[in-house]
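Colleague: Please take a close look at one part of this model for me. I would like a plain account of a loop residue and what surrounds it.

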Amino acid sequence: QVQLVESGGGLVQPGGSLRLSCAASGFTLDYYAIGWFRQAPGKEREGVSCIHSTDGNTYYADSVKGRFTISRDNAKNTMYLQMNSLKPEDTAVYYCAVTNGFTYYSGTLTYYDMLYWGKGTLVTVSS
């Protein structure tokens, strides 16, 4: 059974850090493009970051570039998102996803043909 389970969300003050994890089971992460997207209340889904399956290149939305780092541990079949210098506008439910493709244009990351995604983990940035 294919499953993605996110963890690591929580409440953090502005300027703080969190590390999200995404544990995959039922398939192998390294054969796909994998990444994170988020959705805040009342807002559209936003692609945050992803790793290309073949060349390992990473991509970041302009809104998080320089603050977030995506990584993958193939041995553990787990993906991570290290989030530093968090801002209140980063508050959202964060989801990990496996996708057949994505576009990256003018600092905007868009997933298409997503295969799997998790149930999400809530990140709240507030003082």
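Modeller: The part to look at is arginine 67, which lies in the loop between β6 (58-60) and β7 (68-73). Keep in mind that this is a predicted model. Is arginine 67 buried or exposed? Its relative accessible area is 9%, and arginine 67 counts as buried because the cut-off for that word is under 20%. What does arginine 67 touch, leaving aside residues up to four places away in sequence? The contacts are Gln82, Met83, Asn84, Ser85, Leu86, Lys87 and Asp90.

Glutamate 44 is found in the loop between β4 (33-39) and β5 (46-51). Glutamate 44 has a relative accessibility of 71%, so it counts as exposed, the cut-off being over 50%. With residues up to four places away in sequence again left out, glutamate 44 touches Arg38 and Gln39. Along the chain, glutamate 44 and valine 98 are 54 residues apart, and their C-alpha atoms are separated by 19 Å.

The charged end of arginine 45 is over the ring of phenylalanine 37, 5.1 Å from the ring's centre. Phe37 also belongs to a cluster, in which ring pairs link it with Tyr95 and Tyr111. Across the whole structure, a search finds five aromatic pairs. Arginine 19 lies over the face of tyrosine 80, with 3.9 Å to the ring centre.

Terms used:
Residues are numbered from 1 along each chain as its sequence is written. This is a predicted model: local features need pLDDT of at least 70, side-chain atom pairs count only at pLDDT 80 or more; totals for chains, interfaces and linings use all residues. Side-chain values use heavy atoms; hydrogens and water are left out. Helices (H or I, at least four residues) and strands (E, at least two) are DSSP runs, numbered from the N terminus. Buried means under 20% relative accessible area, exposed over 50%, partly exposed in between (1.4 Å probe, protein chains only). Contact means heavy atoms within 4.5 Å. Rings of Phe, Tyr and Trp (its six-membered ring) pair if their centres lie within 6.5 Å; planes under 30 degrees apart count as stacked, over 60 as edge-to-face and the rest as tilted. A charge sits over a ring if NZ of Lys or CZ of Arg is within 6 Å of the ring centre and within 35 degrees of the ring normal.
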